[in-house]
Amino acid sequence: QVQLVESGGGLVQAGGSLRLSCAASGLSFSRYTMGWFRQAPGKEREFVAAISKSDGTTIYADSVKSRFTISRDNAKNTVFLQMNTLNPEDTAVYLCAADAGPYSMYRASTSQYYDHWGQGTQVTVSS
């Protein structure tokens, strides 16, 4: 079956960096748009970043643009999220997700289109 397993979360001070990884199995990884979402306590799940299946087109939420970078390694079935200049507002559970449908900016940033989800990894940024 499909499994998405996130890792790399933790506690970091404001201004610090973390690199999240999401290892995928049970699917043809290169055929999926991969996304990162996050959910803070008491808040809705929100889009963070996504990368297309074909040419590696990326899209970011305005709140993380220029600070976060999404990338993928199709040979290792892994998607990454490099997070720099973290601030307390970035504290959340970060989840990766996979979408088999055709890529578009709207679809890639909308959680209901994603077919598979990981369990998430906690990121806590202290002030």
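In the predicted model, the charged end of Arg 72 is placed over the ring of Phe 29, at 4.5 Å from its centre. A charge is taken to sit over a ring if NZ of Lys or CZ of Arg is within 6 Å of the ring centre and within 35 degrees of the ring normal. Arg 19 likewise lies over the face of Phe 80, 4.0 Å from the ring centre. The model is predicted, so that local features need pLDDT of at least 70 and side-chain atom pairs count only at pLDDT 80 or more, whereas totals for chains, interfaces and linings use all residues. Residues are numbered from 1 along each chain as its sequence is written, and side-chain values use heavy atoms, with hydrogens and water left out.

Five aromatic pairs are present (rings of Phe, Tyr and Trp, the last by its six-membered ring, with centres within 6.5 Å; planes under 30 degrees apart count as stacked, over 60 as edge-to-face, the rest as tilted). Phe 37 and Phe 47 form an edge-to-face pair, with 5.6 Å between centres and 70 degrees between planes. Phe 37 belongs to strand S4 (residues 33–39) and Phe 47 to strand S5 (residues 46–51), so the pair ties together parts ten residues apart in sequence. Strands are DSSP runs of E of at least two residues, numbered from the N terminus. Ring pairs join Phe 37, Phe 47, Tyr 114 and Trp 117 into a cluster.

Ser 66, not a glycine, has a positive phi of about 80 degrees and is located in the loop between strands S6 (58–60) and S7 (68–73).

Technical notes:
Helix = DSSP H or I, 4+ residues; strand = E, 2+ residues; numbered from the N terminus.
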